[in-house]
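This report describes one protein chain, going from its overall layout to single residue pairs. Please keep the sequence and the structure at hand while reading.

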Amino acid sequence: MSVSGLQPFIEKGLIERIAVVFFDTENVPLERFIFKLSVNQSCGSMVEDADLEFSLRSFLIKLSVSQPLTSALSQDCRWEIVGYFRMLPQADMGNTAALWIPTDTKQWQQPPLITPIKSMSSEPLNVQLYLEHPSLSKTMKS
């Protein structure tokens, strides 16, 4: 539901990044999988859905081999999907825009360590996937 709720915003180029964020029991982010998106609006309907689906499927398979890059998560952790908008959606985007709320997620005080995982360039969609996790100093701020 969350990803399909983002689809109209992705198609209009309003979404810059989508993150899958894992939290500990105190709502502190443990790690973030960041999908950085770029949509070429000029391609329009010239792209075959099957071609794009194949490219995305091969891209996402890479996630299963990224396990050694991640830390072991506890059984009581939680996760959420976060959409980073280039600009706030307008009211004329319909009811879907009203469903998205600003996050109050705690942030890392130090810049995160970034581990590139995979990138894909398949018109009209370009995706970069990377993992963010806290630097050695895990001090947090609200």
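How many bridges join strand 1 to strand 3, and in which direction do the two strands run? In this predicted model, strand 1 and strand 3 are joined by eight bridges and run antiparallel. One of the pairs across them is V20, which stands opposite I81 in strand 3.

**The chain as a whole**

The chain contains three helices and seven strands, and, read from the N terminus, its elements follow the order α-β-β-α-β-α-β-β-β-β. Of its 142 residues, 30% count as buried, while the accessible surface comes to about 9400 Å², with 55% of that area belonging to carbon and sulfur atoms. Among the contacts between residues at least 6 apart in sequence, 72% join residues that are at least 24 apart.

Five strands make up an open sheet in the order 3-1-2-6-5, with antiparallel pairing. Its edges are formed by strand 3 (78-85) and strand 5 (113-122), each of which pairs on one side only. On average, and with direction ignored, neighbouring strands of this sheet are turned by 15 degrees against each other.

Strand 1 (residues 15-23) also runs antiparallel to strand 2 (residues 29-39), to which seven bridges join it. Within this pairing, I18 stands opposite F35 in strand 2, and F22 has E31 as its bridge partner in strand 2. The two strands form a hairpin with five residues between them, and N27, which lies in the turn, has a positive phi of about 65 degrees.

**Salt bridges**

Side chains of opposite charge can pair when their charged atoms come close. A search of the whole structure finds two salt bridges, which are set out below.

| Arginine | Glutamate | Distance, N to O |
|---|---|---|
| R32 | E132 | 3.3 Å |
| R78 | E80 | 3.2 Å |

Are R32 and E132 buried or exposed? R32 has a relative accessible area of 5% and is therefore buried, and E132 is likewise buried, because its relative accessible area is 9%, where the cut-off for buried is under 20%.

For the other salt bridge, formed by the side chains of R78 and E80, the accessibility of the arginine can be stated as well: R78 counts as partly exposed because its relative accessibility is 33%, a value that falls between the limits of 20% and 50%.

**A contact made by a loop residue**

N40 has its place in the loop between strand 2 and helix 2 (49-61). Which residues is N40 in contact with, once its neighbours within four places in sequence are left aside? The partners of N40 are then E123 and P124. N40 and P124 are 84 residues apart in sequence, yet their C-alpha atoms are 4.7 Å apart in space. With a relative accessibility of 28%, N40 counts as partly exposed.

Terms used. Residues numbered from 1 in each chain as written. Predicted model: local features only at pLDDT ≥ 70, side-chain atom pairs only at ≥ 80, totals over all residues. Heavy atoms only, no water. Pairing = 2+ DSSP bridges. Helix = DSSP H or I, 4+ residues; strand = E, 2+ residues; numbered from the N terminus. Axes fitted to C-alpha atoms, helices over the stretch in contact; angles between N-to-C directions. Buried < 20%, exposed > 50% of the residue type's maximum accessible area, 1.4 Å probe, protein only. Contact = heavy atoms within 4.5 Å. Areas by Shrake-Rupley, 256 points an atom, 1.4 Å probe, with all protein chains shown as cover. Salt bridge = Lys/Arg side-chain N within 4 Å of Asp/Glu carboxyl O.
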